[in-house]
Every structure is written in C-alpha cells, then in structure tokens.
Amino acid sequence: MSLDGTYEHDNIFAKILRGEMPAVRVYEDDHVFAFMDVFPQAKGHVLVIPKHSSARNILEEEPEKLSHLILGVQRMAKAVRAALNPDGVVVTQFNGAPAGQTVYHLHFHIIPRWEGVPMGRHASGGMADMDELKALAQQISAKIA
Ligand code: 5GP
C-alpha cells in the first residue's frame, strides 16, 4: 500500500481497538493504546497507537492526536527502560509498504536493545509465547509513571 489511499476500518489494529481481536495490553488512556507486538523483534517490543484516529501513517495524523501519541511513546519507552533495563531503545515508525509498513493504522514501535543481542527482523519473526508476553506487559505496566 502506498502513501496514498483510504483508511481501512478492518485493519488488525482497528479490530484490536474495537475488542474484536485479542491483544496483550500494556497501557491505555483517553488517547493512546499500547500493547505487546506478537511478532517481537526483541523481548519487550511494544506498539503504541492512537485510539481515535483514521490516520494510516504519520503524514495523515492530526497534530493534536500526534502530540498525544508521541507523549505516549515517550511514556512507554521510559517504562520499558525501567522494567527491562536495556542498553538502548529503538523507536521506529514506517510509512507506506516500500518503507516497511505492514499494518495501516498509525503506530510506533518501541524495541529495547541489549549489547550483543541482535534485533529480529521487522514483521518477519515468529509468534511470541502469550504467557511470556503477558508477563512482560505486567513488568512494563508496573513501571509506567
Ligand atoms: P509495521 O510493519 O506496520 O510497521 O508494524 C506492524 C507490526 O504489527 C509488526 O511489528 C507486527 O509484528 C505487528 N503485528 C501484526 N499483527 C499483529 C497482531 O495481530 N497483534 C499484535 N499485537 N501485533 C501484530
């Protein structure tokens, strides 16, 4: 899907927001929803999405919604750091299929990194163990300021 197009209301993240698909929730407020990536590129890979948005990518988002979203991203990055003590934290965001985007509801990735531990490939890893994801989500949510 290119940068041009229309928001599809049956995308997987829209279904998660409507409760039609399960997700391992980490954090939620009036504006953002954060949950564990089921195909994580590293232990503790979190996705942060706007709750009331039909922006497929960052280019389409309204400034106020984007402001809330990026504050949610920072809050989650801090919580991931506090919970998992990584050596670094990658924050990524892809716009359009040629850039690597595979789900067309605006989102940010928060991926903790440890020295000497390679990061998994984007959107092509194996599915995580659900119990492990739930335990990580609990650890991270306990550190949200
Ligand atoms: P994108 O490629 O659009 O930047 O990122 C989409 C992300 O969503 C990928 O990292 C992928 O692993 C993740 N993902 C795809 N399907 C699901 C799902 O059903 N649940 C969750 N939690 N993550 C998903």
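Helices (H or I, at least four residues) and strands (E, at least two) are DSSP runs, numbered from the N terminus. The structure is a predicted model, in which local features need pLDDT of at least 70 and side-chain atom pairs count only at pLDDT 80 or more, while totals for chains, interfaces and linings use all residues. Residues are numbered from 1 along each chain as its sequence is written, and side-chain values use heavy atoms, with hydrogens and water left out.

Pockets were identified on a 1 Å grid over the protein atoms alone; a pocket is an open set of points where a 1.4 Å probe fits, with protein on both sides within 12 Å along at least five of seven lines, and lining residues have an atom within 4 Å of a point. Grid points are joined across faces, edges and corners, and a volume is the space filled by probe spheres set on the points. The largest pocket holds about 460 Å³ of space. It is lined by 23 residues, of which Phe-13, Asp-37, Val-38, Phe-39 and Leu-47 are the closest to its centre. Helix H1 (12-17), strand S2 (32-36) and helix H3 (130-141) each contribute at least two residues to this lining. The greatest contribution is that of H1, with three residues. For the classes of residue, Ala, Val, Leu, Ile, Met, Phe, Trp, Tyr, Cys and Pro count as nonpolar, Asp, Glu, Lys and Arg as charged, and the others, Gly among them, as polar. On this basis the lining of the largest pocket has 15 nonpolar, six polar and two charged residues.

The second largest pocket has a volume of about 170 Å³. Its lining includes Asp-29, His-31, Val-32, His-68, Lys-78 and Lys-143. Helix H2 (residues 63-84) gives the most to this lining, with seven residues. By class, four of the lining residues are nonpolar, four polar and four charged.

Accessibility is given as relative accessible area, with buried meaning under 20%, exposed over 50% and partly exposed in between (1.4 Å probe, protein chains only). His-68 is found in helix H2 and is partly exposed, because its relative accessible area is 28%. Contact means heavy atoms within 4.5 Å. Leaving out residues up to four places away in sequence, His-68 touches His-31 and Val-32. His-68 and Asp-4 are 64 residues apart along the chain, and their C-alpha atoms are separated by 24 Å. Lys-78 also lies in helix H2; its relative accessibility is 54%, so Lys-78 counts as exposed. From C-alpha to C-alpha, Lys-78 and Gly-100 are 25 Å apart in space, with a separation of 22 residues in sequence.

A polar side-chain atom of Thr-102 lies 2.6 Å from an oxygen atom of the ligand. For the side chain of His-107, an N or O atom is 2.9 Å from a ligand oxygen atom, and for that of His-109 the distance is 2.8 Å.

His-109 lies in strand S5 (residues 108-113) and counts as buried because its relative accessibility is 3%. Its side chain is joined to that of His-45 by a polar contact of 2.9 Å. Beyond four places in sequence, the residues that His-109 touches include Asp-37, Gln-41, His-45, Val-90 and His-122. Gln-41, in the loop between S2 and strand S3 (46-50), is buried because its relative accessibility is 6%. With neighbours within four places in sequence left aside, the contacts of Gln-41 are His-109, Ile-111, Met-119, Gly-120, Arg-121 and His-122.

Positive phi values occur at Asn-85, near 50°, and at Ala-123, about 55°. Asn-85 lies in the loop between H2 and strand S4 (88-92) and is exposed, with a relative accessible area of 59%. Ala-123 is placed in the loop between S5 and H3 and is partly exposed, at 45%.

Notes:
Polar contact = N/O pair within 3.5 Å; in protein donor to acceptor, adjacent residues only side chain to side chain.
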